[in-house]
Amino acid sequence: MINYDLQKIRAIIFDLDGVLSAETIALGTDGTPLRTVNIKDGYAIQLAVKMGLNIAIISGCTVDAVRKRYEGLGVTDIYLGASVKMKVYEEFLAIHNLKDEEVMFMGDDIPDLEVMRRVGCPVCPKDACREVKDVCVYVSDYRGGHGCGRDVIEQTLKTQGKWLQDERAFGW
């Protein structure tokens, strides 16, 4: 269980590589990095959007297929090529009129630490680096790319009474 008052959460931000995709990246024949996606993470993301949570992706990744995937799930706040995530995080807060304590951030490595130290609810996948685990209120039982996103979304929506609440839960 996440050790935080999940009733406060209005937004969940995800890093991509090592969180919503596995930490190992295959390379296409042209050198393009290919990402994996987890179908259960995808289901939970689109349901969270339908239930009114602000879902965002902040990643250093620049692969356009990533944008297509998450736009297809209803995510509108997709920040790719974010070399300094704090700048993007502050922009996201301002756009959505959010406070730090209303935000959950799931990251797995050093570039995520600055934002994770600031948000109210920092969480990570099972295979995150030690420095990230040390600042988290919750370490998922799932590895990056293997359902950790679904894990934290499901816990949040259940706590807020929005998990399987109505017919929106039974479709894409």
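Analyst: Happy to; we will take a few labels in turn, bearing in mind that this is a predicted model.

User: Why is Ser59 called buried?

Analyst: Buried means under 20% relative accessible area. Ser59 has 1% relative accessibility, so Ser59 counts as buried. You will find Ser59 in the loop between β4 and α2, where Asp15, Leu16, Tyr79 and Lys85 are among the residues that Ser59 touches.

User: What makes the pair Ser59 and Cys61 a polar contact?

Analyst: A polar atom of the Ser59 side chain lies 2.9 Å from the backbone nitrogen of Cys61. The cut-off for a pair of N or O atoms is 3.5 Å, so this distance falls within the limit.

User: How do you know that β1 pairs with β4?

Analyst: Pairing needs at least two bridges. Four bridges join β1 to β4, so the two strands pair, and they run parallel. In one of these bridges, Ile12 has Ile55 of β4 as its partner. β1 is also joined to β6 by four bridges, again running parallel, with Ala11 opposite Val103.

User: Which residues show that both faces of β1 are covered?

Analyst: Ala11 and Ile13 are buried on one side, and Ile12 and Phe14 are buried on the other. In a regular strand, side chains alternate between the two faces of the sheet.

User: And which residues touch the most other members of the largest nonpolar core?

Analyst: Those are Ile2, Phe14, Tyr70 and Met104, in a core of 37 residues. Helix α1 gives this core its largest share, five residues.

Technical notes: Residues numbered from 1 in each chain as written. Predicted model: local features only at pLDDT ≥ 70, side-chain atom pairs only at ≥ 80, totals over all residues. Heavy atoms only, no water. Core = buried A, V, L, I, M, F, W, Y, C linked by side-chain atoms within 4.5 Å. Buried < 20%, exposed > 50% of the residue type's maximum accessible area, 1.4 Å probe, protein only. Polar contact = N/O pair within 3.5 Å; in protein donor to acceptor, adjacent residues only side chain to side chain. Contact = heavy atoms within 4.5 Å. Lists of a residue's contacts leave out its neighbours within four places in sequence.
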